[in-house]
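Hello,

Here is the structure we spoke of handing over. Please look through it first; my notes on what was found follow below.

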Amino acid sequence: SSGSSPLVRLAVAMHIHGCKQTPPTPPTSSDEESSGSSSDAEMKKKKGNRAVGKKKYPKAIKYYTKAIKIDPKNASYTLNRAIANAALELWKDAEADADVAVSLADPAPAKSHYQLARARLRRGRCEEAREAVRRGLATHPGEPALTQLSNEIDRACLEQEARRKREQEARAVRPAQGPDDGGNVLRLARSAYAAGNLQEAAQLLRDGIESSTDAGTRKAQLSLLAKACMQLKQWSEAVEAFEKLVELEEATLSLDTHSDREKMSVAYNSLGVARRNAGQYEKAAEALNMAYHRATNGDDQVATPLAAQVLQNIGQCFKAQGKNKEALGIYERGLELGQRLYGDSHASQSLNHLCVARCHRDMGQFKEAVEAYAKAHQIWTSKDIETCLQETPDVPNKERLVGLQRQCENELAQLVLVLEEAKRRAESGELEADTSVR
């Protein structure tokens with residue numbers, strides 16, 4: 001867009017002046033060292049609560065876990081971790097924590113019963129959810145949140161029973177050709193998925209996967225279940241489905257065949273993305289590294305679009321953990337690979353430049369950040385929106401692409417203002433000329 005080109009010119013002019021860089025402040029070790037006292041556990045809980053307030057749920061889970069290690073009998077720590085897990089839609093972990101919280105307190109607070117019942121409901125275990133909410137209402141009669149959840153569970157149980165009846169009817173009318181290999185369930189699930197009935201599709205697949213005798217059908221069922229769970233943001237169950245899919249792919253495909261290695265790479269990449277969304281960053285990195293290895297067959301000189309996509313996901317995994325130096329190295333590898341595949345001006349390179357810019361910015365390397373933001377912006381504004389979309393298949397639609405472009409412009413503008421202010425203060429004597437901007 002021509003309206004923002006002066007911003008790019010200002011950015012280029014600004015980064016020529018630059019300013020002295022300082023390394024980011026290393027983290028303190030106070031969180032790693034603890035006295036093991038109850039007051040220390042309470043401190044960890046308070047830090048977890050603050051992290052929840054800022055919606056930094058993975059960090060909150062780490063603090064609550066430390067508090068639990070100090071005092072495993074304190075139900076509030078486990079309950080709070082259940083709430084943080086639920087916020088990330090890690091329903092399996094949320095259920096486990098809420099179950100412990102209920103057992104530790106007598107009587108357990110309504111909130112513990114609520115978290116347990118809701119986690120079971122989200123995992124599709126309606127009858128167990130009904131039992132959990134019944135126990136909660138027995139202890140806390142008429143409690144509004146539990147009463148509302150009980151009504152929701154009743155509706156879900158009715159819907160689940162209706163789905164089972166439809167499945168039984170479908171099985172009854174299929175031709176008598178011996179036992180079903182899972183293909184009929186897959187067809188029903190695909191139909192529900194295409195109609196947008198994701199919960200129904202997921203439940204059909206949960207009920208039907210174990211009866212599948214054909215490996216190809218089982219793979220298709222696991223893949224569709226994982227996709228449905230990803231759209232439903234049921235990260236924990238998506239991880240389980242992708243793990244089973246990866247195991248099956250490894251058992252049935254050959255490393256000697258390029259097409260088979262690519263299928264394995266796609267499965268590992270999907271598993272890595274699911275684990276990243278579930279906050280399992282270290283395990284996500286393991287899966288993504290396997291995806292990269294399968295895509296390149298262990299040869300870093302191999303350049304494929306799939307390898308470039310995997311590098312992007314590995315970088316995002318490091319970035320989510322605050323490991324900017326490691327993320328920067330991965331994004332720069334992605335830039336080099338992209339240049340070999342597409343050249344410098346391909347729109348997909350804008351995403352790499354944007355990621356590189358954010359790493360430099362968060363490491364306090366502002367001159368390099370401005371340069372990278374400007375490169376991303378210049379590539380995007382040199383092409384029309386349709387061309388940009390064609391060249392960045394990872395971006396799902398025009399709205400998402402426009403949003404990324406605006407984020408780039410806004411972040412660049414904010415950084416330029418910071419540098420301008422630092423320069424003004426240095427020239428006016430408010431700061432010494434070599435004072436670092438943080």
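Buried, in these notes, means under 20% relative accessible area, exposed means over 50%, and partly exposed is anything in between, with a 1.4 Å probe and protein chains only. By that rule, 45% of the 438 residues of the protein chain count as buried.

Some ground rules come next. This is a predicted model, in which local features need pLDDT of at least 70 and side-chain atom pairs count only at pLDDT 80 or more, while totals for chains, interfaces and linings use all residues. Residues are numbered from 1 along each chain as its sequence is written, and side-chain values use heavy atoms, with hydrogens and water left out.

Overall picture

The protein chain has 20 helices and zero strands; both are DSSP runs numbered from the N terminus, helices being H or I with at least four residues and strands being E with at least two. A contact is a pair of heavy atoms within 4.5 Å. Of the contacts between residues at least 6 apart in sequence, 59% join residues at least 24 apart. The accessible surface is about 22,300 Å², and carbon and sulfur atoms hold 50% of that. Areas were computed by the Shrake-Rupley method with a 1.4 Å probe, and for residues only the protein chains shown count as cover.

A buried serine

Ser112 is in helix 6 (residues 110-122). With a relative accessible area of 1%, Ser112 is buried. Leaving aside residues up to four places away in sequence, Ser112 touches Leu79, Ala98, Ala101 and Val102.

Salt bridges

Side chains of opposite charge can pair when their charged atoms come close. The salt bridge used here is a side-chain nitrogen of Lys or Arg within 4 Å of a carboxyl oxygen of Asp or Glu. The structure holds 23 of these salt bridges.

One of them joins Arg130 and Asp154, at 3.2 Å from N to O. This pair links distant parts of the chain, as Arg130 is in helix 7 (residues 126-139) and Asp154 is in helix 8 (residues 144-173), 24 residues apart. Arg130 is partly exposed at 30% relative accessibility, and Asp154 is partly exposed with a relative accessible area of 30%.

Arg340 and Glu336 form another, with the closest N and O atoms 3.4 Å apart. These two are four residues apart in helix 16 (residues 324-342), so about one helical turn separates them. Arg340 is partly exposed at 36%, as is Glu336 at 39%.

In helix 20 (residues 398-428), Arg424 and Glu421 are three residues apart, which again means about one helical turn. Their side chains meet in a salt bridge of 2.8 Å, N to O. Arg424 is partly exposed, with a relative accessible area of 40%, and Glu421 is partly exposed at 37%.

Positive patch

Which residues gather in a patch of positive charge on the surface? They are Lys46, Arg50, Lys54, Lys56, Lys59, Lys62 and Lys323. Patches are made of residues with over 30% relative accessible area and no salt bridge, like charges being joined within 9 Å and nonpolar side chains (Val, Leu, Ile, Met, Phe, Trp, Tyr) within 5 Å. Lys and Arg count as positive and Asp and Glu as negative, with His and the chain ends not counted. A charge is placed at NZ of Lys, CZ of Arg, CG of Asp or CD of Glu.

Helix 2 (38-53) and helix 3 (57-70) each supply at least two residues of the patch. Lys56 is in the loop between helix 2 and helix 3, and is partly exposed at 40% relative accessibility.

Regards
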